[in-house]
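Here are my notes for someone opening this entry for the first time. Please keep the structure in view while going through the points.

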Amino acid sequence: MYNFSGQTALVTGGTRSIGGAISTALLQSGARVVAVYAGNAEKAEAFRAEQAAHGDRLFLEKLDVSDYAAVEKFFSAYNDKFGKLEILVNNAGIRRDAIVGMMSCEDWRRVIDVNLTGTFNMCKFGVQQMMSARYGRIINITSPCGHFGFEGQANYAASKAGQVGLTRSLSKETAKRKITVNCVSPGFIDTDLIADLPEDLAKKYKNDVPVKRFGTPEEVAHAVLFLAMKESAYINGATLEVTGGL
Ligand SMILES: NC(=O)c1ccc[n+]([C@@H]2O[C@H](COP(=O)([O-])OP(=O)(O)OC[C@H]3O[C@@H](n4cnc5c(N)ncnc54)[C@H](OP(=O)(O)O)[C@@H]3O)[C@@H](O)[C@H]2O)c1
């Protein structure tokens, strides 16, 4: 269905859940994939084993996307290690839920640092990498929470709304260089991130979704690959919802 042969993709949080499905779909479509993870080496190694058939095109990198200096260092070595960057998927994300009145400053900061500042850090150096080739596809994974807001998720919602603003602004800056920047906004997707939902709440949320189920990481990956296609050149600054109609 897709052909990304000869292209290199960088996927943050790319070794499990939604990011793992994105990396898998890109590998299956012929891309070279640099999959970044934060620290879960066990899951990263399991992912490498699963992808043995594409092992020569998969590279794992441990990197905290919220650490500006570490991201700068990663990109300063990028050229020598990988050479090109056609597709950047900013998927790494975390939750630290609490109502605002009870939220610690640390939990506010950490979620903004990883989800929003991490996206900025990767976009800044990723765009520099893409500029000289005058081509690129950047896809940032946001959430409907940024638009609607959810009780107990002010930090997460603010970070996800911020990603949309960053995406729209950056898309205007890079358009002349044929670099598009878009968001994919997944609804409830069956992953570790929402595994702690109490059963009754999960049942209620499923019932709220018009298609009456949670989505799969593979369904999100499909939307990401669509935006990553060369043919998607006229889609820029957009947010593609993958929510089952939520
Ligand atoms: N699941 C949903 O229902 C849903 C809905 C809407 C939006 N989203 C968004 O989709 C994205 C992926 O969600 P998910 O459900 O797949 O999450 P997940 O299962 O919790 O996986 C998160 C991934 O992000 C990585 N990560 C976390 N902090 C990082 C950091 N500081 N630097 C680099 N990587 C980091 C993790 O690395 P390790 O493996 O090393 O821990 C992991 O690979 C997130 O941006 C999330 O906000 C998810």
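1. Strand 2 is mostly covered, with five of its six residues buried. This is a predicted model. Strand 2 spans residues 32–37. Strand 1 runs parallel to strand 2, and five bridges join the two. Within this pairing, Leu10 stands opposite Val34 of strand 2.

2. What is the strand order of the sheet? The order is 3-2-1-4-5-6-7, in an open sheet of seven strands with parallel pairing. The edges are taken by strand 3 (58–62) and strand 7 (239–242). Each of these has a single partner strand, so one side of each is left without a neighbour in the sheet. From one strand to the next, the twist averages 20°.

3. Look next at strand 4 (residues 87–90) and strand 5 (residues 136–141). Four bridges hold this pair, again in the parallel sense. Leu88 has Ile138 of strand 5 as its bridge partner.

4. Which strands does helix 5 touch? Helix 5 covers residues 105–131 and packs on the sheet. Its contacts there are strand 1 (8–12), strand 4, strand 5 and strand 6 (179–186). The direction of helix 5 makes about 175° with that of strand 4.

5. Helix 9 (residues 217–228) also packs on the sheet. Helix 9 touches strand 4, strand 5, strand 6 and strand 7. Its direction makes about 165° with that of strand 6.

6. Now the pairing of helix 5 with helix 7 (residues 154–174). Their axes come within 8 Å and cross at roughly 15°. The two helices are therefore roughly parallel to each other, as angles under 35 degrees count as such. The crossing is right-handed. On the helix 5 side, the contact includes Trp108, Ile112, Leu116 and Phe120. On the helix 7 side, it includes Tyr156, Lys160, Leu166 and Leu170. By class, this contact has 13 nonpolar, seven polar and two charged residues.

7. How do helix 3 (residues 68–76) and helix 5 meet? Their axes come within 9 Å and cross at roughly 20°. Helix 3 and helix 5 are therefore roughly parallel to each other. Helix 3 passes helix 5 in a right-handed crossing. Helix 3 contributes Tyr68, Val71, Glu72 and Phe75. Helix 5 contributes Phe120, Asn121, Met122, Lys124, Phe125, Gly126 and Gln129. The classes are six nonpolar, three polar and two charged residues. Phe120 of helix 5 is listed in the helix 3 contact and in the helix 7 contact.

8. Is Ser29 buried or exposed? Ser29 lies in the loop between helix 1 (17–28) and strand 2. Its relative accessible area is 10%. Ser29 is therefore buried, because the cut-off for that is under 20%. Leaving aside residues up to four places away in sequence, Ser29 touches Tyr2, Asn3, Phe4, Ser5 and Leu225.

9. Ala49 is found in helix 2 (residues 41–50). Ala49 has a relative accessible area of 55% and so is exposed, the cut-off being over 50%. Ala49 and Lys204 are 155 residues apart in sequence. In space, C-alpha to C-alpha, Ala49 and Lys204 are 36 Å apart.

Notes: Residues numbered from 1 in each chain as written. Predicted model: local features only at pLDDT ≥ 70, side-chain atom pairs only at ≥ 80, totals over all residues. Heavy atoms only, no water. Buried < 20%, exposed > 50% of the residue type's maximum accessible area, 1.4 Å probe, protein only. Contact = heavy atoms within 4.5 Å. Pairing = 2+ DSSP bridges. Axes fitted to C-alpha atoms, helices over the stretch in contact; angles between N-to-C directions. Parallel < 35°, antiparallel > 145°, perpendicular 65-115°, else oblique. Left-handed = near helix turned anticlockwise from the far one by under 90°. Nonpolar A, V, L, I, M, F, W, Y, C, P; charged D, E, K, R; others polar.
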